[in-house]
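Please examine the sequence and the structure shown below.

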Amino acid sequence: MGKVALVTGGSRGIGAAISKALKEAGYEVAANYAGNDDAARAFTEETGIKTYKWSVADYEACEAGIKQVEEELGPIAVLVNNAGITRDAMFHKMTPQHWKEVIDTNLTGLFNMTHPVWTGMRDRKYGRIVNISSINGQKGQAGQANYSAAKAGDIGFTKALAQEGARAGITVNAICPGYIGTEMVRAIDEKVLNERIIPQIPVGRLGEPEEIARCVVFLASEDAGFITGSTISANGGQFFV
Ligand code: CAA
């Protein structure tokens, strides 16, 4: 049996590609999801990867879910914090609810998921945490004050925790995808996507979920043990840090 990897938001979009790529790389994968039972069922039928339902915004649910995964599959060696949502609106139209939902899932979700696995990883002197941030946490994006704040926070979280984990054999890294061809991006108004966003991507296309998944597999590997606290930008040349 391979090492156990847990992927949040792991049954759809970029997360589904990550779950599949980790399975292909030999990991025993658990894919967490929050809402879409039909997609989760179809994903398990297609891939044989087990899915587990809870919200990363709920600390107690994360503790219970992680306990269940560890009882069924074994100790978690790799945690991929991928789950994320958007509630896009220009700031003057953004409600406190838009703000709270995005911060709770996209930022606090990283605390809620990482805290319960951290002690076990420290005890075992091994762990890989990969946080999926975003180009819009690096450059900011009009219409995404909530999302950009959360995703920038994910990078700070990564850098702080990398320093704490280093001596315990735990690496913590972030990946900042650009615009990837998933439901989340395709939900953007077509005119906005075609006229404002794609022209800003030098390679001239949206990214593929698999292009992010391959970065995760590398950071999760034992070979990447000297890389920690780093941010990999995979955005088709749209933004350089
Ligand atoms: N910079 C400055 N002003 C902008 C702007 C920009 N980039 N985009 C729009 N505006 C302005 C418009 O010019 C317009 O101004 P006026 O009212 O003075 O004419 C005003 O903002 C309203 O624009 P819209 O007509 O577009 O407003 P809307 O309320 O219909 O839509 C929006 C707002 C939903 C935020 C829409 O603009 C949008 O979807 N933008 C794209 C946001 C985006 O990139 N989201 C990424 C989602 S994918 C993702 O998040 C994954 C990832 O990690 C990359």
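**The shell around the ligand**

The residues that form the shell around the ligand comprise 9 nonpolar, 7 polar and 3 charged ones. The model is a predicted one, and every value given here is computed from it. Among the 19 residues around the ligand, those that come nearest are Asp-88, Ser-134, Gln-144, Tyr-147 and Tyr-179.

Two of these residues can be followed down to individual atoms. Ser-134 places a polar side-chain atom 2.7 Å from an oxygen atom of the ligand, and Tyr-147 has a polar side-chain atom 2.6 Å from an oxygen atom of the ligand. Arg-196 also takes part: an N or O atom in the side chain of Arg-196 lies 3.1 Å from a nitrogen atom of the ligand. On its own, the ligand has 1,100 Å² of accessible area, of which the protein covers 58%.

Which elements give two or more residues to this shell? They are helix H8, spanning 183–186, and helix H9, spanning 190–197. The largest contribution is that of H9, which gives 3 residues.

**A strand pair and a helix residue**

Strand E1 covers residues 4–7, and both of its faces are covered. Val-4 and Leu-6 are buried on one side, while Ala-5 and Val-7 are buried on the other. E1 pairs with strand E2, residues 28–33, in the parallel sense, and the pairing extends over 4 bridges.

Elsewhere, helix H7 (residues 145–165) contains Leu-161. Is Leu-161 buried or exposed? Leu-161 counts as buried because its relative accessible area is 12%, and the limit for that class is under 20%. Between Leu-161 and Ile-85 there are 23 Å in space, C-alpha to C-alpha, and the two are 76 residues apart in sequence.

**The cysteines**

A disulfide is a covalent bond that joins the sulfur atoms of two cysteines. How many disulfides does the structure hold? The number is 0. For Cys-215, the reason lies in distance: the closest cysteine sulfur, in Cys-176, is 11 Å from the sulfur of Cys-215, and therefore too far for a bond, given that the two sulfur atoms of a disulfide must lie within 2.5 Å. Cys-215 is also buried, because its relative accessibility is 16%. Cys-62 likewise counts as buried, with a relative accessibility of 0%.

Note on methods
Residues numbered from 1 in each chain as written. Predicted model: local features only at pLDDT ≥ 70, side-chain atom pairs only at ≥ 80, totals over all residues. Heavy atoms only, no water. Near = heavy atom within 4 Å. Polar contact = N/O pair within 3.5 Å; in protein donor to acceptor, adjacent residues only side chain to side chain. Areas by Shrake-Rupley, 256 points an atom, 1.4 Å probe, with all protein chains shown as cover. Nonpolar A, V, L, I, M, F, W, Y, C, P; charged D, E, K, R; others polar. Buried < 20%, exposed > 50% of the residue type's maximum accessible area, 1.4 Å probe, protein only. Pairing = 2+ DSSP bridges.
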